[in-house]
Amino acid sequence: MPRYPVRAATPGTISRRDFTAGPMTRPARSAKARPPPWTPVTRGHRNNSDMKTIRSNSLRSVQRKDTSVHAGLHLVIAGAGGNIGSHLVPLLARQPGVARLTLVDFDRYEAKNLCSQDIEPADLSQPKAEVQARRARRINPKLEVRPILDRLENVPLGRLRGDVLLGCLDSKASRRFANEIAWRLGMKFIDAGVEASALLARVNTYVPAEDQPCYECAWDERDYAETGTRHPCDLAVPKTPPTNAPACLGALAAALQAIECEKLLRSGVAATAGEQVLIEAATHHHYLTRFSRNPKCRFDHATWAITALRETPRDLTIDDAFSLVPAGKQTATASLGFGGRSLVQRLNCPGCGFSRRVFKLRERLIVRERSCPKCQRELLAAGFYVSRRLIRSELAPDAAARTLASLGLCAGDVISVSDGVTEKFFELGAQSCRGNTAGLSRQLRRSAGALKRVQPFRRRTL
Ligand SMILES: [Zn+2]
Ligand SMILES: [Zn+2]
């Protein structure tokens, strides 16, 4: 019988335990008299006494649940229209305690999606996020639903802020990016995936906290090689091959994901934090794997303390941004970051040698800017002209006067200013305080108190 390939335990990962839920006289999980045969294999692994704790938490959660219903949670679904996401959205729309859904999907429905995704022929050629948003509103008219028709990588960080990020993505690279978003914003991350050939459906829960594992903690060199090294010159987004998973498998993964979300809503805590629940439908096996923080993980596990600004990207110049940190303008090592995005300063054509000066974030280059006007080939960015930070001492005077909007920054994007010792993070505002008066000098702004109108971001925690 083919089994799911069990990878050798990476550092910090324990071996998995499984129990059969197939030919039994009673369902394995409902047998209260006989708890599942979990045995502690390492410190912190769930055992029978922990099960009691979980049940008592559930009782307490009844009271908390009322609070949740009143407050309402904001769930962000990445890949909301796909094989898993199209089944997940209706489930979440029906969950009490959910007040707001943000649905992210850049794609449109095609005829081939009819057999694998929860859609109808009338939905074809329409944007996936909009179709699912309309559906969620029909199920629960009180729900606040916001579709975002863009790739997750392009969406400003501030627009993804919520309580829980649910990943219904189809590539490791996208999940890695979702993992980064969740940690930066301090959101719980419930990631689901399927594997069609072995009828596998799995869900992982991650909670950004000290000693908690992240999605990348279980990665080894093979995983990094699999995602591919993206060279700085690659501007186009790589295409992901379809998973070809049947609709029933996507629905199974979505149900697992909704169940973990429901448990979060009930108890306010992630009962399966750092764990993976995997169902091998082909053989009726059910696995529970706990992951630990990998000290060799390449991800820095940092959650950013982000201050929300009222100023829009059109209000602030690069010079203004440096002055957000008092010492930012003075020190030679002061630098400006763009929330992990890269700034491109020159593009070259690999065909005819055409060269174009730009000064814009890589993700925000439009097609016209990325195309050669002579031979229409895709322009490439040489590594020397791609940078993640602008160093104050290397900045040309004319560049310092450019607005952040001219760099492609949008409302909700996060910038960071470092004085060489500490780094501070700021989210750009959506509504201008002074209309479009982008040309105001910094002194005038200061006298108007514009830069002082900084409000600390209030984050609701579960
Ligand atoms: Zn990690
Ligand atoms: Zn060319």
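Which residue just after α4 takes a positive phi? In this predicted model, where local features need pLDDT of at least 70, side-chain atom pairs count only at pLDDT 80 or more, and totals for chains, interfaces and linings use all residues, residues are numbered from 1 along each chain as its sequence is written. Chains are lettered from A and ligands numbered from 1 in the order in which they are written, and side-chain values use heavy atoms, with hydrogens and water left out.

The residue is Gly 186, with a phi of about 70 degrees. Helix α4 itself covers residues 172-185; helices here are DSSP runs (H or I, at least four residues), and strands are E runs of at least two, numbered from the N terminus. Among the buried residues of α4 are Ile 181, Trp 183 and Leu 185, buried meaning under 20% relative accessible area, exposed over 50% and partly exposed in between (1.4 Å probe, protein chains only). Their cover includes β5 (164-167), β6 (188-195), β7 (200-206) and β10 (306-309).

Cys 372 counts as buried because its relative accessibility is 1%, whereas Cys 375, at 29% relative accessible area, is partly exposed.

Terms used: Expected span 1.5 Å × (residues − 1). Contact = heavy atoms within 4.5 Å.
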